[in-house]
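Hi,

Here is the structure I promised to pass on. Have a look at it first, and then read my notes below.

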Amino acid sequence: MENTVNLNNLRAAFSYKKNKELRHTYYIFKALQHPSLVKVLSVLTNGILKYSILVRILVRNTVFRVFCSGESVSEAFSTIKRLEYYKVKSVLDYVAEGEKTNKIFKYNTEIILENIRKLSREAPGNSISVKFTSLEDPEYFKLINKSPVDAISFGKLRYETFMKRIDSICCTAMETKVVVYFDAEYSNTQDFFDLITEEMMKKYNKSEAIVYNTLQMYLSDRLEYLDHLLNDSVMNHYFPGIKLVRGAYVEKEREIAKRENRLSPVYATKELTDFAFNKALDICLKQHSRVFTCIASHNEPSTLLAIAGIEKYNIADHYKKVKFSQLYGMRDNLTFNLAAKGYNASKYLPYGEVKKAIPYLTRRAQENSSIGEQLAVELVRLKNEITRRKSLEREIRRPN
């Protein structure tokens with residue numbers, strides 16, 4: 001396989017978008033330059049969506065169309081098939097988080113299980129993403145963050161019910177060979193999530209990584225945790241699945257730490273986060289004989305570093321051992337150009353009702369508005385591709 005990858009081949013990057021979709025994406029990204037949109041989305045999360053059909057329609061026809069694959073699983077699978085045509089994989093995510101009732105937790109579990117089976121039947125090779133907060137109350141996790149002993153003290157039956165949900169998901173994933181990525185969330189619940197994910201890895205990652213934990217590398221303890229996880233995997237004879245991200249809650253983490261009068265758990269600068277991410281990436285690739293890695297990054301230098309690492313460490317089975325992933329609607333230049341060159345590249349593909357997707361859409365809006373320089377570059381890419389297509393159309397229409 002040729003190692004050189006042109007990550008800025010716009011024709012390949014946007015080949016899956018029709019002209020109308022391309023223009024729509026451009027205008028949405030243009031709107032995201034205005035902080036007021038983020039404020040509007042925050043207001044929507046407080047309940048307006050429950051009462052206004054017009055607002056739901058507005059959201060569905062704007063940001064939802066860019067960052068989500070549809071409201072139903074059938075719409076999501078249509079997107080999966082469309083992406084597969086371009087050799088791009090999908091990480092399917094049913095958007096449900098911050099729920100409060102056992103009835104909904106049970107319903108969400110059944111949805112996830114059926115999605116795993118459906119992927120196995122209709123789209124093998126694609127994966128699934130799961131949020132712990134779709135299966136239990138986030139406030140419960142804050143109370144029991146330190147250990148399962150704490151969890152049992154708050155109710156043994158509740159803890160066992162939660163663990164059964166997790167175990168059924170992982171067991172079904174192993175039986176169907178569908179990789180499951182457990183999302184990271186806020187640091188005040190991450191200790192417990194780490195313990196649970198490790199337990200599932202020990203049980204189901206005996207021959208390969210089916211279960212992945214997500215490491216948010218803006219957290220200053222993650223390199224130490226990575227070292228612990230790798231040592232634990234050797235002692236307990238399992239293959240660790242590690243998804244590396246920079247992190248999605250940086251400002252919120254700082255706000256919470258300030259409010260609680262404690263040190264911020266995140267690095268003080270982006271440069272330190274970049275260093276930690278790239279160091280973790282190199283550690284994982286160097287130990288590729290037993291580590292399965294997903295590089296979930298929109299950062300071009302880190303992507304190029306990963307490509308160089310695959311060659312440096314002679315990872316012949318990199319399609320299985322090293323995966324790349326970007327969010328649906330963002331950084332198509334990375335995903336589609338990587339896939340075109342034979343790398344395992346995927347889109348994180350959320351779907352679900354508009355009102356349930358609002359927390360996810362708010363994070364995307366906040367993320368884009370806070371990285372003005374990258375957003376500007378994305379807009380330039382979109383505009384250049386629109387211009388390229390217009391020039392091509394004029395050339396075709398030009399008489400001989």
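On the buried side of helix α2 you'll find L22, H24, T25, Y26, I28 and F29. The helix itself covers residues 19–31, so to speak a run of 13 residues, and its first and last C-alpha are 19 Å apart, close to the 18 Å expected at 1.5 Å a residue. Before going on, please keep in mind that this is a predicted model.

Helix α2 also comes up when you look at the pockets. The second largest pocket has a volume of about 370 Å³. Which elements give two or more residues to its lining? They are α2, α5 (63–67) and α6 (73–85). Of these, α6 gives the most, with four residues. The lining has 18 residues in total, and E21, R65, C68, S69 and Y328 are the ones that lie nearest the centre of the pocket.

Next, helix α10, which runs over residues 156–176. With 21 residues, α10 reaches 30 Å from its first C-alpha to its last, close to the 30 Å expected at 1.5 Å a residue. Its buried residues are Y159, F162, M163, R165, I166, I169, C170, T172 and A173.

Are they buried or exposed? N261 is exposed, with a relative accessible area of 72%, whereas R331 is buried, with a relative accessible area of 10%.

Last, something on the surface. I53, L54 and I57 form a nonpolar patch there, and together they have about 310 Å² of accessible area. I57 belongs to helix α4 (residues 53–60). Why does I57 count as partly exposed? Its relative accessible area is 33%, and partly exposed covers the range between the 20% limit for buried and the 50% limit for exposed, so I57 falls in the middle class.

Cheers

How values were computed
Residues numbered from 1 in each chain as written. Predicted model: local features only at pLDDT ≥ 70, side-chain atom pairs only at ≥ 80, totals over all residues. Heavy atoms only, no water. Expected span 1.5 Å × (residues − 1). Buried < 20%, exposed > 50% of the residue type's maximum accessible area, 1.4 Å probe, protein only. Patch = residues over 30% accessible without salt bridge, like charges linked within 9 Å, V, L, I, M, F, W, Y side chains within 5 Å. Areas by Shrake-Rupley, 256 points an atom, 1.4 Å probe, with all protein chains shown as cover. Salt bridge = Lys/Arg side-chain N within 4 Å of Asp/Glu carboxyl O. 1 Å grid on protein atoms, 1.4 Å probe; cavity = no way out; pocket = protein on both sides within 12 Å on 5 of 7 lines; lining within 4 Å. Points joined across faces, edges and corners; volume = space filled by probe spheres on them.
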